[in-house]
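Q: I would like to learn how to read salt bridges, cavities and cores in a protein model. Please take them one at a time.

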Amino acid sequence: MKNVKTETKKVDVFRLVLPFVFFVLAALVNFSSFPGEYNYTLIKSVIGSIFVSLVGIYYLYRKKNGFEFDRLTFFAGSAFFVWILIGCFYAPFKYAAAKYMENYLLYFLLFLVGLTWEWKQEDAIIWSISAVIACIIGIIESIIPPKYPVSMFGNPDFFAGFLIMPAFLSFYFLKRKWNVYGVIYLLLTFITLFILKTRSTLAAYVVGLAFVLFLFFRRKNPSYIKWIGFVAGIIGFSILFPQIEHKFLHNIRYFIWRGTWQMILAKPFLGWGTGNFMNFYPYFRYRPYFLRPEATPLTNHPHDIYLELWSQHGIIGVVLFIAVAVIAISSCLRNKKYEEFHWSIFIIPAIVGVLIDNILSINLANPSTSMFFWFIVGSAAAFSGRKYEFSVINKISLNKIFYGIIIFVSLFLAVRGIYYRIVPDVYLKKAIAYRDMGFYKSSVRNYKKACAIDHYDVIAYYKMAYAYAQMGKYGKALNVYQFINKSLFPHFAETDENIGIIYMNLHDGQEAEKYFETALWFDPYNVNVLDSLASISIMYDNNEKKAVEYLKEVIAIKPKDKYANFVLDKLEKLPKMEKGRVKK
């Protein structure tokens, strides 16, 4: 009997490491519950940058010289990111633009890496395992008090924003005839999305299912069957529209959107510049927003990624963003290789799901969603049938230059992210912990360390000023608040009100009144400011009539306000004053 030689396929360990780093570590690593707490999204961005550098090193190692991708998607994506970069130059607050641009530079690198990515079944398995782990943690958290399922994402909305993408891998598994795993995975991800109770993500999931049906029946007869999901969705939306409209008009997003729209109308074509939404939104805020119990003095995002893009980058930015997504989906639909290996039935619904979800959310403003979104958008246009070779010019390999730039930029982002973002945030969280324990000196020391590294950390400066005020060091507190108002972020949060309080403590009613009036312009329903102005009218201006007007405004807003009711009661019992004399 002859010996039969069998060939064994060599396992590419380096290639297996790549999806593990991205789909597992970048998704699940979260040290926020450990000592040295910090913003958990920062470490995810750093891992995303490391993943990009590893991909570049891998392709150099494999001596990869060419790719197949859709040229139109590449140019559309590049145009969008270039427009974001241009927005940095006309943005009035450059430090805010720079922070915002750091994330978008990472997203652009992931988009480029996606264009070169060849999906393998190992990628699907690894990402699904990551999602399973996240789902199990989330389900357990929904059972155990405080029953707040966030898994490794810090927030149920961000968790749902991430899960909406790998959730559609279940249909890839079913198409590959991995029926048992596919069904279990489908049920687990759906149950988790249902537990999270994020209506925007559930609606996005339903729309994504319509695309799944379309792709599943795309080549089958009768031809109309592929449209059933869309028709059912439209009918369902029409039936539920009155309820949706009612809930929306009473949701705080409606109030935020009204202010954002006024901001957009002021600069509809170019917007206010990259990363500058938060700086200018207070001037356009719909003031009745503050009557809502959920209202906060600071609004970071408009809870709609399209309105955020429009407010910062104008209608041009919105059109470019939608164009990238549509062109990438179109490329994926034409991709015979993707259709043959069933990747389209996962990629397209995942992209669509994120696009729909972000109509009512800002998950794309969070790296835990955006990193994966831009990666799959790029990958949707990979292997489209046309190969682009990196040639050699004057004995210089252009592919080495290309990969070298990607490796250098991604490692730069990783190092910068660790030193300028994570380290200051660790000091910031330590400072807050010390403040909560009443150790204000230690708190200030850590605030200073954070600001020494990140000179534009407005939150650290703001909280440092508060700590100084609690220590009775009003001069230092005032200097920090004035620095914020003049150099960093004019009228940030409650800066004007806090300056007014400090001047009250320094017995300077005239200066206090000036800052309280400014604070009242931004929030005319601030009962604390109205109470303070009433006090100034009595103590410094001897103007009882004006004080009563302020206090009546307080009662109209908050009928049970103790201070306003107490003072009004006292004023009614006092003898009337006329020209400085007691009126008999």
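A: A salt bridge is a side-chain nitrogen of Lys or Arg within 4 Å of a carboxyl oxygen of Asp or Glu. This is a predicted model, in which local features need pLDDT of at least 70, side-chain atom pairs count only at pLDDT 80 or more, and totals for chains, interfaces and linings use all residues. Residues are numbered from 1 along each chain as its sequence is written, and side-chain values use heavy atoms, with hydrogens and water left out.

Q: How many salt bridges does a search of the whole structure find?

A: The search finds twelve. In one of them, Arg416 meets Glu102, at 2.8 Å from N to O. Arg416 is in helix H17 and Glu102 in helix H4, so this pair ties together parts 314 residues apart in sequence. Helices (H or I, at least four residues) are DSSP runs, numbered from the N terminus.

Q: Is Glu102 buried or exposed?

A: Buried means under 20% relative accessible area, exposed over 50%, and partly exposed in between (1.4 Å probe, protein chains only). Glu102 counts as buried because its relative accessibility is 16%. Arg416, at 26%, counts as partly exposed. Through shared partners, salt bridges join Lys99, Glu102, Arg416, Arg421 and Asp454 into one network.

Q: What is the volume of the largest cavity?

A: Rolling a probe the size of a water molecule over the atoms shows where empty space is left. On a 1 Å grid over the protein atoms alone, a cavity is a set of points where a 1.4 Å probe fits but cannot get out; lining residues have an atom within 4 Å of a point. Grid points are joined across faces, edges and corners, and a volume is the space filled by probe spheres set on the points. Here the largest cavity has a volume of about 60 Å³. Its lining includes Val52, Tyr59, Leu112 and Phe402. Helix H2 gives the largest share of that lining, four residues.

Q: Which residues touch the most other members of the largest nonpolar core?

A: A nonpolar core is a set of buried Ala, Val, Leu, Ile, Met, Phe, Trp, Tyr and Cys residues joined through side-chain atoms within 4.5 Å. The largest one has 111 residues, and those touching the most other members are Phe51, Trp119, Trp127, Phe346, Phe372, Phe373 and Trp374. Helix H4 (residues 94-115) gives the most to this core, twelve residues. Apart from it lies another core, of 61 residues, among them Ile256 and Val567.

Definitions and conventions: Helix = DSSP H or I, 4+ residues; strand = E, 2+ residues; numbered from the N terminus. 1 Å grid on protein atoms, 1.4 Å probe; cavity = no way out; pocket = protein on both sides within 12 Å on 5 of 7 lines; lining within 4 Å.
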